[in-house]
Amino acid sequence: MTAGDVLVDVALPLPIHSTFTYRVGAGSCAEPGTRVLVPFRREERIGWIVGPGEQGVADKAKPVLAVLDASPTVPVDILDLARWISRYYVTPLGIALRAALPAVLSDVSRDYVERIDDPAPGTLRPREQKVFDWLVAHPGPRRARTMRKALRMGSIWTEIRSLEERRLVTHKTVPPPAPSVKTRRTVTIVTELETLVQRDEAFGNASRQKEAFAFIEAGGGSVPLSALTSGGGFSRSVVTGLEAKGLVSVTDEEELRDPFAAAPAAPAPDLVPTPHQRVALDALVGALDEPGAPTPFVLQGITGSGKTLVYIELLREVLARGKTGIVLVPEISLTPQTVSRFRAHFGDEVAVLHSGLSDGERYDAWRTLRRGDRRIAVGARSALFAPLSNLGAIVVDEEHDGSYKQSDAPRYQARDLAVVRAHGHGAVCVLGSATPSLESWNNARTGKFRRLILPERAGGGRLPEVEVIDLRAEWKAAAKRKAAGERHPRGAGVLTPPLVEAVDARLAREEQVILLLNRRGYSSFVQCRECGEVEQCENCSISMTYHRVTERIVCHHCRHEAPAPSRCPRCGSQDLSFRGLGTEQVERVTHETFPNARVARMDVDTTGGKWAHQKILDRVERGEVDILLGTQMIAKGLDFPRVTLVGVVNADVGMHLPDFRASERTFQLLSQVAGRAGRSSRGGKVLIQTSMPEHYAIRAAVRHDLEAFAGREIEERRHPIYAPWVRMVNVVVSSPNQRLAAEAAEGAVHYLRGRMARASGDRIDLDIVGPAPAPIERLHKRWRWHFLLRSTSPASISAAARVLAEGFRLPAGDVRLAIDRDPVALL
């Protein structure tokens, strides 16, 4: 260690629960939040300085290869939030930081190796010879990672270093490029010509230069070069002539990549709060001026009650106080339609962050927020990490939505993190929903959160009437008709006669209809009638879904697909049954039942392209679609006044999943989709087809009765006990080897019981359930076992999870252990 070097603690985005000490040379930025390129296990990694290094390892500390930032990339509050994520969700700090930043800021470096000389015969060891032969066969600089994968020898860095010492190869590390900034060439007037005499002297007979100069003046004195050459028809030599005369300059100007910029800006409507909205606004605005951190709010408003108006007026007050705001919406609802509502009121103050953007678009939006050019971030889960200072409010719309939970490390819940970040800034946090999660509802009931209620639809509208169609009775009636030889009614047994009749009536009045079935594909599974064999995914313990359009069977978990079978792979029979129901089949039946109707299907299979959601919704808004059918993505945030009927094709889908939240998700989905109907003076109606009309979730949805559902559901979770009565962690152990997965899970439970007993005796407040095979026992070629940790003590469950993450040593082989705190599903 040389004089002036500074020891720093560096977090790396690796699944390792520790940080590492490196030394930074004098004069370089060593502040927390700064990106650095460091050597790590014969590779180079990008990490972040998170504090001073450990003095006791000064002599062993390796030097930082490069400091990548002139000033810290990670704001102090985001670094603090990442530390909280690391502690609470038991995840490495580097993994948390990577999730909080644009991908381009953690791009890995590249190592290149090139042969420069030949060795004396017989002087290379076998592994060195293999590496050298590969470089001979592939001349020029080659990526070390590519070579390692091709040779399948494991780590080859020992061999590369040995060959480099003998000057047979060169090794060069290319640091990651600086994140790209998009620019455009701009022509700007630098010398004004105010009189005709000046113009005549400047241009003489150069009429095209004179016209080009006037073109630039008409554009405000500065225009893109492309506008001159393409739009104006001027050649590049004309612009060069203007430059030579000192009249204009041509420079590169930064151009923000904003995919929403081209969206038409709707005029901001005049918002007049209803009495209930005014009460909610007064409470929220009053909280802006409270000393310290305000209590979080639950804004419980029925569908169509005008929660967005409340958000907009709150943000208006936030900006007026010189503060900033974040609005989170579910990924599926983040469309140009949603963004335009906020941009109509706040214009270019709004930046959008979500996964549908390219890396460059996300980076540009992130930088505008970091610089303070824009003060409102609207986006999905990751927008919570928007680099805004002086936060005044964080809004989480549709706070019950499952997409706010990150599915891989760090497995954070954005709704809960919003509360944490708002508290750190003393900001107002609003959790809005017509059907709040049971956790938020319970927090409001116990006084941890404040509840604000919007009980009426804005504009005097009413909630739609909801009727239940008992599928059991319909099946019996169909059986009687078949026995009597009667013709099968329209609807093919998928759409019942009452639903068909209701759709006919709406089509006759030129109104619109929404049909919901929360299952993709044509048929849920393919079964042999001879032996009963069901076609399953070769990677997962899941039946393959038949897609009629492509004539293929697809696993909706790992995306494995194969041609649809023509015979049973087990017994060879050609007598195959395509069972179950999906949106593709509903689409076919709908076309056959209503041949003159214009039908659009909206599910994952039809919305794969960028803005595909919005293209379908634009057609609905323009009145070019009579019947919109789809999965849960049509249940949220849509506001179409001409929709007067919603039909739920089968409300039972998902009700019987082996998951403690199955009933809650069913109630929320039915309530949300019912809210799409009757948003105008035309009124609306909802028909729910179900074989379980007595189930409390369906009965409560029919009555739009959240309190009845939540009161019953919270009691159902007492025995056996689940959240919100206890804190929970779902621990999943997986391996390609079934025996290894089971043994590792059993070993983890045994280890944890022993450690916790030694730490606290027999009085530890921790319940361990399992281990057992996961409900979906195999996913992506990995066998899965899991066990559940439950405790009323947050400290106990944190300690247990950390003991597992940092102390339990997994057996040799490909075995992984995933810790999911506050799980939203146990599948």
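Predicted model: local features only at pLDDT ≥ 70, side-chain atom pairs only at ≥ 80, totals over all residues.

Residues are numbered from 1 along each chain as its sequence is written, and side-chain values use heavy atoms, with hydrogens and water left out.

**Whole chain.** Start with a cartoon view: the protein chain has 24 helices and 34 strands (DSSP runs numbered from the N terminus, with helices being H or I of at least four residues and strands E of at least two). The radius of gyration is 31 Å, close to the 28 Å from the globule rule for 827 residues, so the chain is as compact as a globular protein of that length (the radius is taken over C-alpha atoms; the rule is 2.2 Å times the number of residues to the power 0.38). Along the principal axes, the C-alpha atoms fill a box of roughly 90 × 85 × 65 Å. Buried residues make up 50% of the 827 (buried is under 20% relative accessible area, exposed over 50%, partly exposed in between, with a 1.4 Å probe and protein chains only).

**The sheet.** Now select β13 to β19. These seven strands form an open parallel sheet in the order β15-β16-β14-β17-β18-β13-β19 (strands pair if DSSP finds at least two bridges between them). At the edges sit β15 (350-353) and β19 (450-454), each pairing on one side only. From one strand to the next, the twist averages 20°.

Which residue in β18 is the bridge partner of Ile394? Pick Cys429.

**Helix α15.** Next, select 438-445. Seven of the eight residues of α15 are buried, so the helix is largely enclosed by the rest of the structure. Among the buried ones is Trp441. The buried residues of α15 pack against β13, α14, β18, β19, α20 (662-674) and α22. Just after the helix, check Gly447, with its positive phi of about 90°.

**Aromatic pairs.** The structure holds 13 of these (rings of Phe, Tyr and Trp, the last by its six-membered ring, pair if their centres lie within 6.5 Å; planes under 30 degrees apart count as stacked, over 60 as edge-to-face, the rest as tilted). Show Phe385 and Tyr412: their ring centres are 5.5 Å apart and the planes at 80°, so the pair is edge-to-face. Phe385 is in the loop between β16 and β17, and Tyr412 in the loop between β17 and α14, 27 residues apart. Phe385 is buried at 3% relative accessible area, and Tyr412 is buried at 2%.

Then jump to Tyr696 and Phe709, a stacked pair with 5.9 Å centre to centre and 25° between the planes. Tyr696 lies in α21 and Phe709 in α22, so the pair ties together parts 13 residues apart in sequence.

**Last stop.** Trp84, Tyr88 and Tyr89 form one aromatic cluster.

Note on methods: Axes fitted to C-alpha atoms, helices over the stretch in contact; angles between N-to-C directions. Contact = heavy atoms within 4.5 Å.
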